[in-house]
Amino acid sequence: QVQLVESGGGLVPAGGSLRLSCAASGIMLELDAMGWYRQAPGKQRELVATITSGGRTNYADSVKGRFTISRDTAKNTVYLQMNSLKPEDTAVYYCNAERRRWPPFDYWGQGTQVTVSS
């Protein structure tokens, strides 16, 4: 059974930092990418950051320079270091694990709440 278990969310004042972790288990095939997405109340889910198996990263413009994604490929674990947090970063953050080659698949974590107070 595939599981993506997220941790590290919480309440932090503006300007603070949090580090999210996501450990994927039960995945027998090599992943092509892992990443983080977020969904604020009343808004659509949006990309925050992704990292490929080769280490290539991609960030939303709104988090560039503040967030850093990293990955332990051997452990199928992805991290998101979030610095200089803003109230607009408040959202539920979801971990994603993706395989684009055959057979493709796409798994999601249950989400972890990040709340940034002003």
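**Notes on the fold and a few residues**

1. The protein chain holds 0 helices and 11 strands. Read along the sequence, that gives the pattern β-β-β-β-β-β-β-β-β-β-β. Please keep in mind while reading that this is a predicted model.

2. Next, the overall dimensions. For 118 residues, a compact globule would have a radius of gyration near 13 Å, and the 14 Å of the protein chain agrees with that. Along its principal axes, the C-alpha trace spans about 45 × 25 × 25 Å.

3. How much of the protein chain is buried? Buried residues make up 42% of the 118 residues. As for contacts with a separation of 6 or more, 54% of them join residues 24 or more positions apart.

4. A word on surface and charge. The protein chain exposes about 6300 Å², and carbon and sulfur atoms supply 49% of that area. There are 13 positive and 10 negative side chains, and the centres of these two sets lie 2 Å apart.

5. The count of disulfides comes to 1. Cys 22 and Cys 95 form it, with their sulfur atoms 2.1 Å apart. Because Cys 22 lies in strand β3 (residues 18–25) and Cys 95 in strand β9, the pair ties together parts that are 73 residues apart in sequence.

6. Is the disulfide of Cys 22 and Cys 95 left-handed or right-handed? The torsion about the S-S bond is about -80 degrees, so the disulfide is left-handed. Cys 22 counts as buried because its relative accessibility is 0%, where the cut-off is under 20%. Cys 95 is likewise buried, at 0% relative accessibility.

7. Tyr 94 is worth a look too, and its place is in strand β9 (residues 91–99). With a relative accessible area of 14%, Tyr 94 is buried. Glu 6 is 88 residues away from Tyr 94 in sequence, yet the two are 7.7 Å apart in space, C-alpha to C-alpha.

8. Which residues does Tyr 94 touch, leaving aside its neighbours within four places in sequence? Glu 6 is one of its contacts.

9. Where is Arg 66 found? Its place is the loop between β6 (57–59) and β7 (67–72). Apart from neighbours within four places in sequence, Arg 66 is in contact with Gln 81, Met 82, Asn 83, Ser 84, Leu 85, Lys 86 and Asp 89.

10. Finally, Glu 46 is found in strand β5 (residues 46–52). Beyond its neighbours within four places in sequence, Glu 46 is in contact with Tyr 37 and Arg 38. Ala 60 lies 14 residues from Glu 46 along the chain, and their C-alpha atoms are separated by 8.6 Å.

Key. Residues numbered from 1 in each chain as written. Predicted model: local features only at pLDDT ≥ 70, side-chain atom pairs only at ≥ 80, totals over all residues. Heavy atoms only, no water. Helix = DSSP H or I, 4+ residues; strand = E, 2+ residues; numbered from the N terminus. Buried < 20%, exposed > 50% of the residue type's maximum accessible area, 1.4 Å probe, protein only. Contact = heavy atoms within 4.5 Å. Rg over C-alpha atoms; globule rule 2.2 N^0.38 Å. Areas by Shrake-Rupley, 256 points an atom, 1.4 Å probe, with all protein chains shown as cover. Lys, Arg positive; Asp, Glu negative; His and termini not counted. Charge placed at Lys NZ, Arg CZ, Asp CG, Glu CD. Disulfide = S-S within 2.5 Å.
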